[in-house]
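Colleague: I would like to learn how to read a sheet and the core around it. Could you take me through one case step by step?

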Amino acid sequence: MAISRRDALLVGGVGVAAAGLGTGTASAQPVRAAAHTASVPHDRDYAPGRAGRDYTPVVTPDGATLPFRVVDGVKIFHLVPEEVEHEFAPGLSARTWGYNGRTHGPTIEAVEGDKVRIYVTNRLPAPTTVHWHGVILPSGMDGVGGLSQRSIAPGETFVYEWTFRQHGTFMYHSHHDEMTQMALGMMGMIVVHPRQPAGPRPDRDYAIMLSEWVLHPGAERPDPNAMSGFNVLTMNARCYPGTSPLIAQRGERVRLRFGNLSAMDHHPIHLHGYAFTITETDGGAIPASARHPDTTVLVPTGSTRTVEFIADNPGDWAMHCHMTHHVMNQMGHVPNLTGVNARRIDRAVGSLLPTYMTMGQDGMGEMGQHIEMGHMPIPDNSLPMVGARGPRDYITMGGMFTILKVRDRLTGDGDPGWYDNPEGEARAARADELARDGIDPNAV
Ligand SMILES: [Cu+2]
């Protein structure tokens, strides 16, 4: 397909030398070079992008990046769909499906203009395919079982091949029996760095896949048939307190790339302590004139959203889905007892079942603590509805929740521990303060 005059103008419009464009020369592969997806003209070859020289590698917290080798100028990747023993958080594991020994699959990272060849060896007991969500590629490489290719039978190895004509944040996932295979975890992120970045490179570049599962307490496998009642809500297939914190040093430019391949839900991801700019969707970079500041980014299912900010506010900052049912874990599904006086129930049941304890009459906040203190037993392989011990009290959050830790100075890449709030923190009010400001807690 020849590059169009309009595309050439758009490429020129982002400040890239347009030499050689507009000649109308035919190319063997489709060329898409609109300004929102491409930073350079794509009617010529580019050397394979190199980490450090061409890009700052993305980090997938609790995940991994798929290694590659270069053969004759082509980046060679090997994906292996297989069953995986996966831990969502300490105390909660399941048999899931994934790639290369992990759920979700490792992040595929490349640079705009890279030629890639991706081998897929199916070690699942079922056929599968891989679809490259958002990637502009030839129709036969799109990975839709039955439509663009036949499915990959167990034991077979297929090969996909294309040139990245764009940069941005994309995803891959099974496109054969999606309902089952994606519910079991068959998905991963794709990050394609611009050949010629329009702005400064980020100092921290994080990729986070959002997904949801139904894992009944004590069950060995997620239930792929469920279409509601998702009780394990994850970032990179981990639920809090299993999610690793994101870290940044004060002043660094931070990029967060969210993908959502949940079966049924969108996730409004909220970051405390910051206003960020939404810079990208899986359709490409958002033009500067259309970018807007926000504190919550809605990541619809089947989409990616990228946000950026300067980490200029030190602290421990919550980052989580703002749907309150998405920041809880499995055991949240108990009858509504809010406001009930449970003492008589406890006494009656307690004579038959000594460890019995009615939960929920004051809400769910205390459940994790009761379990941690041994007051309340839970089934094997299950998680309390909420939480983990925090530095000051119990953190009554679970599921799609993590913590951004920004420090004046970082000494390593590990968890810097808890922030000590040097400017003070909320505390019990003193009597002299109440008197000074005319507050009577007992007044109605
Ligand atoms: Cu959510």
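Modeller: Let us begin with a definition: two strands pair if DSSP finds at least two bridges between them. Strands of a sheet pair through backbone hydrogen bonds, either parallel or antiparallel. In this model, which is predicted, an open sheet of four strands runs in the order β5-β10-β9-β7, and the pairing is mixed.

Colleague: Which strands stand at the edges of the sheet?

Modeller: The edges are held by β5 (108-111) and β7 (131-133), and because each has a single partner strand, one side of each is left without a neighbour in the sheet. From one strand to the next, the twist averages 25°.

Colleague: How many bridges join β9 to β10?

Modeller: Six bridges link β9 (residues 168-173) with β10 (residues 187-193), and these two strands run antiparallel. Within this pairing, Met171 has Met189 of β10 as its bridge partner.

Colleague: Which residues have the most contacts inside the largest nonpolar core?

Modeller: They are Ile190, Ile208 and Leu404, in a core of 76 residues, to which strand β11 (residues 204-213) gives the largest share, namely six residues. Leaving aside residues up to four places away in sequence, Ile190 touches Ile108, Trp132, Val135, Phe170, Met171 and Tyr172.

Colleague: And Val71, is that residue buried or exposed?

Modeller: A residue counts as exposed if 12 or fewer other C-beta atoms lie within 10 Å of its own; Val71 has 10 such neighbours and is therefore exposed. Val71 is found in strand β1 (residues 69-71), and its C-alpha atom is separated by 9.9 Å from that of Val116, 45 residues apart along the chain.

Key:
Residues numbered from 1 in each chain as written. Predicted model: local features only at pLDDT ≥ 70, side-chain atom pairs only at ≥ 80, totals over all residues. Axes fitted to C-alpha atoms, helices over the stretch in contact; angles between N-to-C directions. Core = buried A, V, L, I, M, F, W, Y, C linked by C-beta atoms within 7 Å. Buried ≥ 20, exposed ≤ 12 C-beta atoms within 10 Å, placed from the backbone. Contact = placed C-beta atoms within 7 Å.
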